[in-house]
Amino acid sequence: QVQLVESGGGLVQPGGSLRLSCASSGFDLSYYTIGWFRQAPGTEREGVSCIDDTGRSTYYADSVKDRFTISRDNAKNTVYLQMNSLKPEDTAVYYCAAKGAWWSTPVQTMCVARVGDSWGKGTPVTVSS
C-alpha cells in the first residue's frame, strides 16, 4: 500500500493562499492518479481535485474551480494543491489519495466516487479571520 504524507495546512485569513503537498517515500507516485479530498466536521468527504499520472488530465469540484490548482512534479515525487482566494467554507481536513494508473480510472470518477487505494492522514486547513 502506498504511504502518503500531506503537509502545508494551517490557519489562513479569508482571501489568503496555501499550498498543500502530498508526498510518498518508497513509492513512485508517477504510476498513480492522485486526488485531493476534504472533510469538514459533520460532513461527508468531498473530492476537491484529481490529477492523472501524466498530469494532463485534471478535475476540479465546482466549489473550487478557478481558485485551486492541482499539479504534480514527478521528479520530486510530489503532488501539489495550490489554494487561492480561500473562503471560510474551505475549512476542513485535506487528504490525498492514490489510485494505480493501471486501473485507468478517470479523474472525475476518482474525485466524485471518492475512490482511492491508499490515503494519507490529512492536514488541517482553517480559514478564519
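A disulfide is here a pair of cysteine sulfur atoms within 2.5 Å, and by this rule the count comes to two. The model is predicted, so that local features need pLDDT of at least 70 and side-chain atom pairs count only at pLDDT 80 or more, whereas totals for chains, interfaces and linings use all residues. Residues are numbered from 1 along each chain as its sequence is written, and side-chain values use heavy atoms, with hydrogens and water left out.

| Disulfide | S to S | Angle about the S-S bond | Hand |
|---|---|---|---|
| Cys-22 to Cys-96 | 2.1 Å | 70° | right-handed |
| Cys-50 to Cys-111 | 2.2 Å | 105° | right-handed |

With helices (H or I, at least four residues) and strands (E, at least two) taken as DSSP runs numbered from the N terminus, Cys-50 lies in strand E5 (residues 46-51) and Cys-111 in helix H1, so this pair ties together parts 61 residues apart in sequence. Both Cys-50 and Cys-111 are buried, which means under 20% relative accessible area, while exposed means over 50% and partly exposed lies in between (1.4 Å probe, protein chains only). Cys-22 is likewise buried, at 0% relative accessibility, and Cys-96 is buried at 0%. In sequence order, the bonded cysteines of the protein pair as 1-3, 2-4.

Arg-67 lies in the loop between strand E6 (58-60) and strand E7 (68-73), and it counts as buried because its relative accessibility is 9%. The side chain of Arg-67 reaches the backbone oxygen of Ser-85 at 3.0 Å. By contrast, Trp-102, in the loop between strand E9 (92-100) and helix H1 (107-113), counts as exposed at 54% relative accessibility.

Notes:
Polar contact = N/O pair within 3.5 Å; in protein donor to acceptor, adjacent residues only side chain to side chain.
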